[in-house]
Amino acid sequence: MKKVGLIVLVVVIVIGAAALYALRAITPRIIEVPELTGEVQGFTLTHEGRERTYQVYRPAGLSSPPAVLFVFHGSTSSGDAIREKSALQFDRLADEQGLLVVYPDGYENHWNDCRGRASYSANTLDIDDVGFIRQLVARFLAEYSADPGRVYATGLSNGGHMALRLALEAPDLIAGVAPAAANLPESDFLDCVPSGQPVDIAFIAGTNDPINHYEGGLVRIFGDESRGVVQSALATAQYFSALAGYGGEPQESRLPDSEREDDSWISVRQWQGREKRVALYTLVGGGHTFPSRNTRFGKLMGGDNRDVDTADLIWAFFTGSD
């Protein structure tokens with residue numbers, strides 16, 4: 001019995017060590033953060049009888065009326081964590097552009113995105129996260145006199161899928177979205193009701209993404225396959241370009257490869273519809289990350305791209321200055 005107990009203890013230690021290593025490996029390293037002029041504050045509100053939390057970064061020079069940018073975190077994460085993982089670059093953008101940046105927290109650290117078979121409680125309890133964001137937007141319109149025509153959203157992984165859900169179901173609420181590491185679920189796994197309306201949307205996808213595969217397929221995280229199967233990044237962008245009424249080939253270009261040591265560069269496909277724009281920023285050699293000059297996600301997540309900061313990339317797209 002003692003021998004069995006010792007074996008069990010060793011197994012537990014090994015599993016624990018492996019889990020700790022994995023946690024450390026997927027925790028990005030931050031090189032440098034900017035000096036900021038504003039302040040970040042935490043708030044709560046009640047939605048569907050549940051207390052929900054979020055943070056707002058307000059720059060010292062807030063525009064009138066200000067734009068609003070939602071930044072959604074990934075699975076098992078938080079608004080505070082995605083703020084840190086982005087090396088505070090969205091806050092720096094807010095200082096430069098006078099906008100409000102909002103970091104909401106998902107229900108029990110997840111968002112109820114469009115992947116209908118996902119095992120986390122936000123999905124199994126069918127949390128109304130679209131309604132939560134609508135309530136937040138209404139609050140910003142009332143309290144900050146925010147511009148209802150300049151509400152944007154981005155997110156990474158599960159957060160990217162949340163931004164994608166807003167694009168599908170609430171294009172009236174959001175002027176533009178930029179999902180990172182998030183492709184459309186295949187129809188058998190889709191649990192959203194698409195409006196069929198176009199929206200300005202820019203996808204960020206890495207060719208080396210080990211989770212949300214660039215060419216599509218089964219999403220697997222530490223053995224959990226409940227998130228189902230996604231389409232390819234290109235097929236996802238083409239779905240939205242079709243909604244925008246664009247049937248031709250996209251314009252193709254390449255961003256300057258300003259950081260050669262990262263073994264990654266960014267190709268760009270852009271579709272210009274009748275009213276809306278669609279773009280696919282492919283991180284060639286990049287992984288389950290967003291591009292950042294100051295965040296190092298590492299090889300475990302597929303590799304970094306350091307050519308540009310996501311905040312600048314998506315803002316240029318949203319404002320048409322890319």
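1. Thr-76 lies in the loop that runs between strand S4 and helix H2, the helix covering residues 79–85. In this predicted model, the backbone at Thr-76 has a phi near 60°, which is a positive value in a residue other than glycine. Thr-76 is also exposed, its relative accessible area being 62%, and since the cut-off for that class is over 50%, the label follows directly from the value.

2. A second residue with a backbone angle of this kind is Asn-109, for which phi is near 70°, again a positive value in a residue other than glycine. Asn-109 is placed in the loop between strand S5 (100–104) and helix H4 (121–124). With a relative accessible area of 36%, Asn-109 is partly exposed.

3. The structure holds one disulfide, and in it the sulfur atoms of Cys-114 and Cys-192 are 1.7 Å apart. The torsion about the S-S bond is -95°, and the link between Cys-114 and Cys-192 is accordingly described as left-handed.

4. Pro-65 belongs to the loop between strand S3, which spans residues 50–58, and strand S4, which spans residues 68–72. Strand S4 therefore has this proline in the loop on one side and Thr-76 in the loop on the other, the one between S4 and H2.

5. Glu-252 is part of strand S11, made up of residues 251–254, and is exposed, with a relative accessible area of 59%. When its neighbours within four places in sequence are left aside, Glu-252 is in contact with Val-268 and Arg-269. As for Trp-271, it stands 19 residues from Glu-252 in sequence, while the C-alpha to C-alpha separation of the two in space is 9.3 Å.

Note on methods: Residues are numbered from 1 along each chain as its sequence is written. This is a predicted model: local features need pLDDT of at least 70, side-chain atom pairs count only at pLDDT 80 or more; totals for chains, interfaces and linings use all residues. Side-chain values use heavy atoms; hydrogens and water are left out. Helices (H or I, at least four residues) and strands (E, at least two) are DSSP runs, numbered from the N terminus. Buried means under 20% relative accessible area, exposed over 50%, partly exposed in between (1.4 Å probe, protein chains only). Contact means heavy atoms within 4.5 Å. A disulfide is a pair of cysteine sulfur atoms within 2.5 Å.
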